[in-house]
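Please look at the sequence and the structure before reading on.

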Amino acid sequence: MKLLERLLFSYKYGRGFLKFRFRESETILPHKTYLNSSKKIILLTLFSSITLSITSCGSSKPRVVTTKKEAARMEGRTMKSPATGNDSRVKPRKPDEEETEDNEVKPYARSTDLIDEVVENAMDYKGVRYRYGGTTRKGMDCSGLIGVAFEEAGKTIPRTSRALYAQADNIRLDEVRKGDFLFFATGKNKRQVNHVALITRVTPAEIEFIHSTTSRGVITSTLNEAYWLNAFLRAGRID
């Protein structure tokens, strides 16, 4: 539509220019010679208008992406932010910049070779009957079981549950991990420790421990059991 309007404008402009020049030069040039010259002017004007119109219309058409290579080039072009003029192109992320999953070991899952060996030693006595002051497979008490498990791994700890209670650092239940101690008061005095257990496994759902009980000997239990939860005093750790 714009092209047609420009052609009409050029034609009218040429005719007006011709009439003006014809009146102005009637006394100078012969009529036929002037007409030929004027036609050339009109044709030149029309040709220039058409060329400009085609060029202008062609530049306003949106570019159509027809190949993958061309699309890749288009995506790679730098775009300027209207507000700041800064480069807003998203650069491809390098492999070492990619987000990685948090593989940090939870505190309750941490352990050492020493603790793994201690727990393995204690589990080896599972099923041994209870014997007050015992430290052998013929029978052992709660602190005797734990003392033997540590001694076989090369570390000496206090012999009785009260001595362990006094030496161990006090820790919260949400901080305990494999190899820590649990202290209980199963007697009449609910504030006086008389039983100790060794933690063998910790999960978000439960705390499992091994100990030697008077009724069943060396067994594993969990703090989810009402009896042991009610008798629980605190947790401890000896580094």
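Which residue stands opposite His195 in β5? That residue is Phe184.

The structure is a predicted model, in which local features need pLDDT of at least 70 and side-chain atom pairs count only at pLDDT 80 or more, whereas totals for chains, interfaces and linings use all residues. Residues are numbered from 1 along each chain as its sequence is written, and side-chain values use heavy atoms, with hydrogens and water left out.

Helices (H or I, at least four residues) and strands (E, at least two) are DSSP runs numbered from the N terminus, and two strands are said to pair if DSSP finds at least two bridges between them. Strand β4 (residues 181-184) pairs with β5 in the antiparallel sense over 4 bridges, and β5 is also joined to β6 by 4 bridges, again running antiparallel. A hairpin of 4 residues links β5 to β6, and Arg201 stands opposite Glu208 in β6. Of the 8 residues of β5 (residues 195-202), 7 are buried, where buried means under 20% relative accessible area, exposed over 50% and partly exposed in between (1.4 Å probe, protein chains only).

**Ile219 in β7**

Ile219 is found in strand β7 (residues 217-222) and counts as buried because its relative accessibility is 11%. Leaving aside neighbours within four places in sequence, Ile219 is in contact (heavy atoms within 4.5 Å) with Phe209, Ile210, His211 and Thr213. Ala122 lies 97 residues from Ile219 in sequence, and their C-alpha atoms are 10.0 Å apart.

**The two pockets**

A pocket is an open set of points on a 1 Å grid over the protein atoms alone, where a 1.4 Å probe fits, with protein on both sides within 12 Å along at least five of seven lines; lining residues have an atom within 4 Å of a point. Grid points are joined across faces, edges and corners, and a volume is the space filled by probe spheres set on the points. In the table, Ala, Val, Leu, Ile, Met, Phe, Trp, Tyr, Cys and Pro count as nonpolar, Asp, Glu, Lys and Arg as charged, and the others, Gly among them, as polar.

| Pocket | Volume | Lining by class |
|---|---|---|
| Largest pocket | About 430 Å³ | 7 nonpolar, 10 polar, 4 charged residues |
| Second largest pocket | About 190 Å³ | 5 nonpolar, 3 polar, 7 charged residues |

The largest pocket has about 430 Å³ of space, and of its 21 lining residues the closest to the centre are Tyr130, Cys142, Asn194, His195 and Thr214.
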